[in-house]
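Subject: Structure handover

Hello,

Here is the structure I said I would pass on. My notes on it follow below.

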Amino acid sequence: TEEICYADATELAGRIRSRELSPVEVVGAFLERIDAVNPKLNAIVTLVRDAEERAREAEAALAGGDIWGPLHGVPFTIKDCLDTEGIRTTRGSWLFEDYVPVADAPVVARLKQAGGILIGKTNMPEFALWWETGNAIFGRTENPWKQGRTTGGSSGGEAAAIAAGLSPLGVGSDVGGSIRQPAGFCGVVGMKPTYGRVSRYGLVAFASSLDQIGPLAGDVTGAARLLEVIAGHDARDST
């Protein structure tokens, strides 16, 4: 399980395409790792119920010679401020405790279209407005390197999940450091893209002149591959 969970995301994608690993095996390994480690970290706050079913669909497609995209069968996680169809999206606030979006944010849709499999939503401070990661609904996320230390914020749940091998790829949001600071605190790669490169539609944005969506991954190659997938014009994002 650890051999899969700490593999580079692009390596995982290649091994799945070559049939060395199956999507079912990969998703199963990450879900097993989440079950074992996440109770101590509280990085992932909502698991996606149909992830294993989606992995079986990905495996069947692969058997038939159908490659969905560059991330075929690769799991990913999403910060809880981005809309996910049919999956609770709380923004870390009691005001949205039971909110279930009817559509995916474009970045989520792009990742699915690229063959990625959403496995969970990650913790954040209420409305992403703090340098620590925790809220009244889910509590605090622990730094995976040392309990009692901060992950930073506001994308701390995402950074912790990647550092702990709970997810190979993740998407966060950044105004003044909300991707970059947790990436530094947890020892992973995160970046704030150029303004307008990634659609913010489906994001609860509280500083529209600054807010951006960006990638987090275990290494630069994974972050670059993720950015390639989520970048692109979207007419629904007026900025």
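The largest pocket in this predicted model has a volume of about 310 Å³. Its lining is made up of 17 residues, and V48, D50, A51, I87 and K112 are the ones nearest the centre. Two or more lining residues come from each of β1 (44–47), α4 (51–63) and β3 (117–122). Of these elements, α4 supplies the largest share of the lining, with four residues. By type, the lining of the largest pocket has eight charged, six nonpolar and three polar residues.

Next, the sheet. It is open, has six strands in the order β1-β3-β2-β6-β8-β7, and its pairing is mixed. β1 and β7 (189–190) are the edge strands; each has a single partner, so one side of each has no neighbour in the sheet. β1 pairs with β3 in the antiparallel sense over three bridges, and L47 is placed opposite G120 in β3. Helix α6 (residues 156–163) packs on the sheet, where it touches β1, β2 (75–79), β3, β6 (169–174) and β8 (212–217). The direction of α6 makes about 155° with that of β6.

One residue I looked at separately is F138, in the loop between β4 (134–135) and β5 (139–140). Is F138 buried or exposed? Its relative accessibility is 18%, so F138 counts as buried; the cut-off for buried is under 20%. Apart from neighbours within four places in sequence, F138 is in contact with N42, V45, T46, D80, R88, T90 and N123.

Regards

Note on methods. Residues are numbered from 1 along each chain as its sequence is written. This is a predicted model: local features need pLDDT of at least 70, side-chain atom pairs count only at pLDDT 80 or more; totals for chains, interfaces and linings use all residues. Side-chain values use heavy atoms; hydrogens and water are left out. Buried means under 20% relative accessible area, exposed over 50%, partly exposed in between (1.4 Å probe, protein chains only). Contact means heavy atoms within 4.5 Å. On a 1 Å grid over the protein atoms alone, a cavity is a set of points where a 1.4 Å probe fits but cannot get out, and a pocket is an open set with protein on both sides within 12 Å along at least five of seven lines; lining residues have an atom within 4 Å of a point. Grid points are joined across faces, edges and corners, and a volume is the space filled by probe spheres set on the points. Ala, Val, Leu, Ile, Met, Phe, Trp, Tyr, Cys and Pro count as nonpolar, Asp, Glu, Lys and Arg as charged, and the others, Gly among them, as polar. Two strands pair if DSSP finds at least two bridges between them. Axes are lines fitted to C-alpha atoms, for helices over the stretch in contact, and angles run from 0 to 180 degrees between N-to-C directions.
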